[in-house]
Structure formats: structure tokens, C-alpha cells
Amino acid sequence: MTPTISMIPPGAAGVHSVRTGEHIAASKPQSLLGSKRDFPEGAATQPSFCPSHLLSDKDDYKELLGAVDNAFLVAYAIGMFISGIFGERLPLRYYLSAGMVLSGLFTSLFGLGYFWNIHMLWYFVLIQICNGLVQTTGWPSVVTCVGNWFGKGKRGFIMGIWNSHTSVGNILGSLIAGVWVNQHWGLSFIVPGIITAIMGVITFLFLIEYPEDVDCTPPRHHDDPEKEQDNPEDPVNSPYSSRESNVDIAASSSKEQGPEPEAISFLGALRIPGVIEFSLCLLFAKLVSYTFLYWLPLYIFNVAHFSAKEAGDLSTLFDVGGIIGGIMAGLISDYTNSRATTCCIMLILAAPMMFLYNYIGQNGITSSIVMLIICGVLVNGPYALITTAVSADLGTHESLKGNAKALSTVTAIIDGTGSIGAALGPLLAGLISPTGWNNVFYMLISADVLACLLLCRLVYKEILAWKTACGRSSG
């Protein structure tokens, strides 16, 4: 939930004067204010994205900026696997609040390099590594907190709405950072850093981890109507709440009775059915999403020949589609009770839509707007569903027998694996783009197809469950 500001990857567009490092892009879709969008400058001040038109004091400036950006992405991907383990063993309120305050601190330190007149690469790389590590406290913690409050019945829809903060944060982060980008670029880091630290303090003061802490009935994470009908008072059917109508009894039965369950191990989380498949699927889904978000302004500028400002404005429509896609995916998966099938269908539709966008999506402003929103819906819909509702479902899987101490670890494994794809996507696009934009889109379509294939086993199991349910209802 915390914003990260990082430099763009090698070969990416929209770099402002490298003499002062004035281009800013924020990284982390689950940030409160962050954005990983490259916002190019207006055409009046920057006639071209071509490096030959940039002011630079180093010939290898793109590689230097890429090193700063990749330092964050790699640190975040590695740190995520560790962060979930700590998240299960520490109070989430303290853990998340400390992570937000530290994220604000390191983001501000990055911007202070401008005012302190620091021109050493190691300083910015070190700050980004620290920033990537502390920001891993965010996503596992917030998904765990939301999962503690909402059961499986409407979890997809609720988390789809909640997850819209990632796309809203992308847009807000870019707008906030862009205010000072042409003058004192250090403020583009310091101001979001201060906002993040303030929100960390607010989180510490007001966050409630469990419904039971305020005498609310905890949610039910598993539904088994047949067993409930046969034995409605069997506590196994409802690991988080019993059938008593008294709220205090329900809260005490889930929080106070019996010893505190032990946190699950890393290998134990991997053995939960579906964790490996969804993790690898997210790797390729996030690869596609991050490549779009990093490279879209450059693609629109070069292929559609819009102005730099128009390219930046149009690229935000991908985030608008992401908001719609996340809500749609959650709503459909709740109605059909099939997370994997929903993701698979959206990924299947995304492949031809990306192909069409590359060939006919740049014929005019109307086609660009429509195609960008549709691509955002189909690309970011599965990505949003997996990182939220799917992670919460697997973290409270029935095989855990009511132990919810796996939620943070499972979320960290899934999002950490996806972050590997987030680091690889823009890097691969930078290597492939010199051979032509068509090859970049072929790479994205291939990644999309691989994401679909990784869900085949889970989709097959859901289809069998549908057949069984239909047979019982007809009987």
C-alpha cells in the first residue's frame, strides 16, 4: 500500500533531462499513491523520445537508470518471499505501519539526493534496494487484513472494488510526482514519501486486524451446504464461527478457545493445493501487465504518432480498464465459484485483443481509447483477482483446518513470484523492441498463453465440480 518511486528500465521512454534525473515513475501496483506509469513530458519541451534528443552527461545513462529501477524490482521480488513469513509471526498493525513509515523515509531519502547534490550511483541503488525490501511489508499485510474481515461468499467482488486502489494510485502517483518533475525533481519523491509516512501513522492508530477485536462476528471462509444440512452444528463446517447467535460466543470460540495456531512454514504453504499454479500464472500475467505499464507511452508515441502529452494521457486508460477488470473478475468468480476458470477465460480473450490492438488499435483516437480500456480489463482482471481473492482463498484453504496463519505467507509467495515477472517483462521488452514492436506483442501473447496453460488442471477440477453440482441438483 506504499508508494515507490523508481527510475524507468533500460531502453524505456519518457526520460527527461538525465543531467538531473528528472524522469520519475513510481513502481508498485498495490501502492496507496504510487504509480509505475511513464509519463512523458509535453511535446513542446521534449520533441522526441529518442535518446539523441535528451540532455545527458553520460553515454550509458539508460543503463544507469535501468540499474536503479531494477535494484528496486529485484529487491522487492526477493524480499516478498521473506516478508510473508514475518507477517504471520508479527502483529500486522505494527508490521504494516513500520513498513509504511520506512517506505516513506527511503522514498524521501531518494529525493533528498537532489538537494544534497549527490551524484553517486551507489547511493540511489542502495536506497532503492532498501525501499524494495521495506515495501514488501505492504501487500501481504493488507490482503491478510481484508481477508480476515470478509468471507469467501462475496470476497471476489469486495476485493475487486478494494483492489481498484492500485490503479487509482498509479494515476495519482504520476500526477503528484509530475508537479515538480521539471523544476525540483527531488520533491517528486519527498512529498509522496511524507504522505506515505503520515498514512503509516494513521494505520497504526486505527487499523483493526480482526473483527473479533471489536466484538464483530468473524466471517466464514468455507461453505459446504451438504455437510451443514446433515450436521449444522459441526464446527468443522465453519472453522471461524459456530452456529451460536451470540456474537460474543462466536468471537471467543475463534480467538480465545484453544492454543494459538502456529504459523505455517514456507514449504507448508507451497503444499496448499493451487498455490504453485496460481503463483506461476501470476508470474506471466504480471509480466504482461508491467510491460504494458512501462512501455505503453513509448509505443503510443512511436506507432500512433500522438504527441508526448497525449501518449501519457492515453496510457492511463489502461489503468481505468484495470479497475473495471478487477471488479468484473471478482464478481464473476463469486457468482460462478470458479476463480481459475474466470482467470483462464479472461487470459484467453486477452491474447487476441492484444494482437488486434497492435494492428488496428492505433488507427484513431476512438479506437485507441476503446482498445486500451478492453486490454486493461482483460490483462489486469486476472492479475487483480489472483493477488487478492485467490490469495485469500488459498491462505484460508480448508486443508489448513481453520488455521488462518498461512494467509500472509501464501500472499507473499504468490505476489513474490509475480514480481519476478514484473522485473522480467520490461527488461525483455527493452531487449526485443529494437527488432520491432510486433515481436514485443508476440512475446506478451506467448506469456499470456503460458499463464492460461498453467491453470488447466485447476480449471479441469472446477469443471468436474460443476458437473457434480449439476448432477446433485437435477437428482
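Predicted model: local features only at pLDDT ≥ 70, side-chain atom pairs only at ≥ 80, totals over all residues.
Residues are numbered from 1 along each chain as its sequence is written, and side-chain values use heavy atoms, with hydrogens and water left out. Local features need pLDDT of at least 70, side-chain atom pairs count only at pLDDT 80 or more, and totals for chains, interfaces and linings use all residues.

Let's start at helix α12, residues 308–315. (Helices are DSSP runs of H or I with at least four residues, numbered from the N terminus.) Ala308, Ala311, Gly312, Leu314 and Ser315 are buried there, meaning under 20% relative accessible area with a 1.4 Å probe, protein chains only. Looking down the axis of α12, these buried residues fall within an arc of 165 degrees, so they line one face of the helix; the arc is taken from the directions from the helix axis to the C-beta atoms. Their cover includes α11 (275–304), α13 (317–336) and α15 (365–395), with contact meaning heavy atoms within 4.5 Å.

Tyr290 and Tyr294 are four residues apart in α11, so about one helical turn separates them. Tyr290 is buried at 3% relative accessibility, and Tyr294 is buried at 1%. The structure holds 19 aromatic pairs, counted when ring centres of Phe, Tyr or Trp (its six-membered ring) lie within 6.5 Å; planes under 30 degrees apart are stacked, over 60 edge-to-face and the rest tilted. With centres 6.2 Å apart and planes at 45 degrees, Tyr290 and Tyr294 therefore form a tilted pair. Elsewhere, ring pairs join Phe110, Tyr114, Phe115, Trp122, Tyr123, Phe124, Trp185 and Phe189 into a cluster.

Methods
Buried < 20%, exposed > 50% of the residue type's maximum accessible area, 1.4 Å probe, protein only. Helix = DSSP H or I, 4+ residues; strand = E, 2+ residues; numbered from the N terminus.
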